[in-house]
Amino acid sequence: MAETKFSIKLHSNNDQCLSSSFFQLLSDNSHKDLMSCTLDDSLKTLNLIDAVHRLGLDYRFKTEIDVILQHQYAIFIDLDGDHMNDNNLHEVALRFRLLRQQGYYVSSDVFNVFMEEEGHFKQNLEQDIKGLMSLYEASHLCLPGEEDILDEAKKFSSKILKEYITNNSIDSKEANNVSRTLANPYHTSFSKFMVKDYFGIGDLDATNNGWANAFQQLAKMDFNIAQNMHQQELFQFKRWWKETGLGKTLPFARDQPLKWYICSLVCLIDPCFSDERIQLSKAVSFIYLIDDMFDVYGSLGQLTLFTEVVKRWDVTMAEALPECMKICFKSLYQITNEISSKIYKKHAWNPIDSLQKSWAKLCDAFLVEGRWFASGDSPSAEEYLRNGVVSSGVHVVLVHVFFLLGQSITNHTVHLLDNDPIIISSAATILRLQDDLGTAKDENQEGYDGSYVNYYMIDNQDASIETTRNHIANLISNTWKKLNKECLSSSNPFPLPFVEASLNIARFVPILYGYDQNQNLPTLEKLVKCMLYKKV
């Protein structure tokens with residue numbers, strides 16, 4: 001079988017093209033074909049795929065990775081999980097995570113071999129640090145109903161790994177690896193933010209020194225090229241924002257184009273979605289503008305009229321609005337039609353009805369919150385969360401993402417999209433709860449629209465703040481399980497880039513709302529420097 005080659009087109013000024021053997025990088029002496037992976041080299045192959053993901057190069061090797069994992073899954077199914085080094089915790093956990101991340105369902109029963117009859121993991125695993133790290137990573141792909149195995153796995157592995165750090169019983173290099181795993185498990189973290197952490201590691205895996213350095217060098221080059229592209233996109237978006245004049249015309253508007261662009265970058269991280277990121281940034285800016293208008297500017301009557309104008313999508317009716325609100329709606333109307341026109345020309349589908357409905361839903365949700373505040377009424381925590389999922393704006397973002405991607409657009413998928421599918425509502429729930437879990441106030445906000453913390457404690461008079469926070473943390477954990485299930489569902493009709501966008505929103509939440517004691521966002525600031533300004 002001929003050796004498989006890959007060719008990477010790097011979008012730089014030099015239009016440089018690299019060509020090399022993907023599989024040859026497994027080791028200096030290996031010349032086997034990727035497509036003929038055997039059980040003997042499966043661990044080495046899995047380690048390679050994991051490294052490619054962590055270095056942010058997976059988008060360049062989608063075909064190869066899918067073929068390998070499809071082969072791994074077929075072997076697993078044929079053998080019913082037997083004879084695949086099921087005594088190697090690292091290998092079992094890594095295969096489990098990679099297959100689930102790729103959309104293959106693997107039963108959590110694969111971990112039963114590592115458990116006692118009482119349902120606890122075997123104590124002799126405590127010495128297997130690499131296995132425990134992989135087990136901890138795998139536990140974050142838990143589905144509803146798998147708590148007995150995967151929640152136990154998370155509890156068991158995190159406890160021991162934390163003890164290793166606390167007791168200073170491992171060297172500093174290994175302690176750093178353990179700390180990084182505990183703080184940023186791959187599946188629930190924004191992986192692109194972690195890429196630089198792996199540039200300085202001389203041996204991503206001790207058994208694969210032959211290819212580690214080559215991939216690191218490729219990843220650095222790839223990162224710098226993508227960074228240049230993101231800088232150009234941000235420049236174009238800032239120029240558009242300045243030309244709209246909305247930052248000066250609307251007195252209530254936050255002027256944060258960098259933050260809005262970062263939100264779109266998180267959703268559409270693949271470099272090929274350059275124009276899509278710019279268009280999405282425009283939509284994100286209006287989510288913030290309209291949110292500010294409802295929070296700190298309009299009266300309840302004016303906001304009710306504005307919502308009705310958005311529902312009817314009527315420029316003539318907008319003439320009755322105050323000047324600032326009129327400008328806001330007309331600008332929203334114009335940019336939404338422009339985005340719809342671009343999508344129609346590129347993908348032969350006019351999304352204007354769905355986009356307009358998403359804005360109407362958002363305004364409706366903002367208005368409900370405004371009425372609660374104006375009347376002094378306190379909704380139940382459940383009512384607040386149900387409405388807060390919509391007012392998060394996640395639905396607006398993902399509806400735009402879906403049409404900008406232009407994949408799998410059918411009457412069926414559009415109908416699902418318009419009716420809050422779980423893949424959207426789960427990401428929105430995580431965002432809303434994580435936002436409310438924070439204690440800091442947004443630095444430029446004077447309005448107040450309540451929080452789940454407040455309403456839960458009103459509903460449960462005996463609940464302490466600590467009990468409430470634990471309750472919210474459990475809700476977030478359970479919502480992640482629902483999102484995982486949706487991503488693995490064979491009936492999920494949405495394309496993988498859309499699924500990844502939904503996951504990335506949930507992953508980005510701790511960064512977006514990671515306030516410190518000074519009400520700053522140090523993690524977000526670090527992300528901005530990393531992704532846009534700091535070369536490697």
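Colleague: Happy to start with the open spaces: how much space lies in the largest pocket?

Modeller: This is a predicted model, and about 1,100 Å³ of space lies in its largest pocket. Among the 40 residues lining that pocket, D58, Q101, Q102, L496 and E500 are the closest to its centre.

Colleague: What makes a residue count as part of a lining?

Modeller: A lining residue has an atom within 4 Å of a grid point of the space. By that rule, α2 (62-79), α3 (89-101), α7 (191-194), α20 (465-488) and α21 (496-512) each supply at least two residues to the lining of the largest pocket. Helix α21 gives the most, with 7 residues. By class, the lining of the largest pocket has 18 nonpolar, 14 polar and 8 charged residues.

Colleague: Why is a space called a cavity and not a pocket?

Modeller: A cavity is a set of points where a 1.4 Å probe fits but cannot get out, whereas a pocket is an open set. The count here comes to 2 cavities of 30 Å³ or more, and the largest cavity has a volume of about 80 Å³. R54, R180, T181, N184, P185, Y186, S189, S191, M194 and Y198 line the largest cavity. Helices α6 and α7 are the elements that give two or more residues to this lining. Its classes are 4 nonpolar, 4 polar and 2 charged.

Colleague: How do you know that the length of helix α5 agrees with its number of residues?

Modeller: Helix α5 (residues 147-166) has 20 residues, so at 1.5 Å a residue it should span 28 Å; the end C-alpha atoms are 27 Å apart, which agrees. After α5 comes N168, whose phi is positive, near 50 degrees.

Colleague: Which residues of α5 are called buried?

Modeller: Buried means under 20% relative accessible area, and in α5 the residues that qualify are I149, L150, E152, A153, F156, S157, S158, I160, L161 and Y164. Their cover includes α3, α4 (129-139) and α6 (172-183).

Colleague: What makes α13 and α16 a helix pair in contact?

Modeller: The axes of α13 (residues 323-347) and α16 (residues 394-405) come within 9 Å and cross at roughly 30 degrees. On the α13 side, the contact is made by I339, I343 and H347, and on the α16 side by H400, F403, L404 and L405. Contact means heavy atoms within 4.5 Å, so these residues are the ones that make the pair. They divide into 5 nonpolar, 2 polar and no charged.

Technical notes. Residues are numbered from 1 along each chain as its sequence is written. This is a predicted model: local features need pLDDT of at least 70, side-chain atom pairs count only at pLDDT 80 or more; totals for chains, interfaces and linings use all residues. Side-chain values use heavy atoms; hydrogens and water are left out. Axes are lines fitted to C-alpha atoms, for helices over the stretch in contact, and angles run from 0 to 180 degrees between N-to-C directions. Helices (H or I, at least four residues) and strands (E, at least two) are DSSP runs, numbered from the N terminus. Ala, Val, Leu, Ile, Met, Phe, Trp, Tyr, Cys and Pro count as nonpolar, Asp, Glu, Lys and Arg as charged, and the others, Gly among them, as polar. On a 1 Å grid over the protein atoms alone, a cavity is a set of points where a 1.4 Å probe fits but cannot get out, and a pocket is an open set with protein on both sides within 12 Å along at least five of seven lines; lining residues have an atom within 4 Å of a point. Grid points are joined across faces, edges and corners, and a volume is the space filled by probe spheres set on the points. The expected span of a helix is 1.5 Å times one less than its number of residues. Buried means under 20% relative accessible area, exposed over 50%, partly exposed in between (1.4 Å probe, protein chains only).
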